[in-house]
Amino acid sequence: MSTQFIEYPKCTTCKKAKKWLEEQGVSFADRHIAEHAPTAEELHRWWQASGLPLKRFFNTCGMKYRELNLAAKLAEMTEEEQLQLLASDGMLVKRPLLITEDGSVIPGFKAEAWSQALGK
């Protein structure tokens, strides 16, 4: 498996992250999150591999998150319901999402964390 970079191309943070990956010489498979939304199974696998709270996989700054009033609803939803919701619309998923060859998963872009995960 190669490193995966899951992005929304119009997102400025995604553009910055992609440029950073290219500058670091990282080869990666690019995936448009709105056109090819992650499945609930992928999300579950990535969430487990990340060791992070599931809420970190939600794009809490997105319009869809606010429209659905998820800040108030997530706490009452089961993990399975949250995963199904994330899988229903790629725009709900935190981006960019980096999945390294060794299975590290990092939602959002922080150069220091990405460097460490990629061994740079």
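A: The buried residues of α6 pack against β1, α1, β3 and β4. This is a predicted model, and the details below should be read that way.

Start with the buried residues themselves. In α6 they are W114, S115, A117 and L118. They cover an arc of only 165° around the axis, which puts them on the same side of α6. The other side of α6 has E112 and Q116, and these are exposed. After α6 comes G119, which has a positive phi, near 70°.

Now take W114, which lies in helix α6. Its relative accessibility is 0%, so W114 counts as buried; the cut-off for buried is under 20%. Which residues does W114 touch, leaving out those up to four places away in sequence? They are F5, A17, W20, L21, P96, L98, I106, G108 and F109. E76 is another matter of distance: 38 residues separate W114 from E76 in sequence, and their C-alpha atoms are 32 Å apart in space.

Next, the partner helix. Helix α1 spans residues 12–23, and helix α6 spans residues 111–118. The two pack at an angle of about 40°, with 12 Å between their axes. α1 and α6 are therefore oblique to each other, since angles from 65 to 115 degrees count as roughly perpendicular and those under 35 as roughly parallel. Their crossing is right-handed. On the α1 side, the contact is made by A17, W20 and L21. On the α6 side, A111, W114, S115 and L118 meet them. By class, the residues of this contact are six nonpolar, one polar and no charged.

Helix α2 covers residues 40–50, and its buried residues are A40, E42, L43, W46, W47 and S50. These cover an arc of only 155° around the axis, which puts them on the same side of α2. What do the buried residues of α2 pack against? The list is β1 (3–7), β2 (28–32), α5 (79–88), β3 (97–99) and β4 (105–107). β1, β3 and β4 are also packed against by the buried residues of α6. G51 follows α2, and its phi is positive, near 75°.

Leaving out residues up to four places away in sequence, E42 touches R31 and A37.

Finally, α2 has a helix partner in α5. The angle between them is about 120°, and their axes are 8 Å apart. α2 and α5 are therefore oblique to each other. The crossing of α2 past α5 is right-handed. From α2, the residues in this contact are A40, L43, H44 and W47. From α5, they are E79, L83, Q84, L86 and A87. By class, this contact holds six nonpolar, two polar and one charged residues.

Key: Residues are numbered from 1 along each chain as its sequence is written. This is a predicted model: local features need pLDDT of at least 70, side-chain atom pairs count only at pLDDT 80 or more; totals for chains, interfaces and linings use all residues. Side-chain values use heavy atoms; hydrogens and water are left out. Buried means under 20% relative accessible area, exposed over 50%, partly exposed in between (1.4 Å probe, protein chains only). Helices (H or I, at least four residues) and strands (E, at least two) are DSSP runs, numbered from the N terminus. The arc is that of the directions from the helix axis to the C-beta atoms. Contact means heavy atoms within 4.5 Å. Axes are lines fitted to C-alpha atoms, for helices over the stretch in contact, and angles run from 0 to 180 degrees between N-to-C directions. Angles under 35 degrees count as roughly parallel, over 145 as roughly antiparallel, 65 to 115 as roughly perpendicular and the rest as oblique. A crossing is left-handed if the near helix is turned anticlockwise from the far one by less than a right angle, and right-handed if clockwise. Ala, Val, Leu, Ile, Met, Phe, Trp, Tyr, Cys and Pro count as nonpolar, Asp, Glu, Lys and Arg as charged, and the others, Gly among them, as polar.
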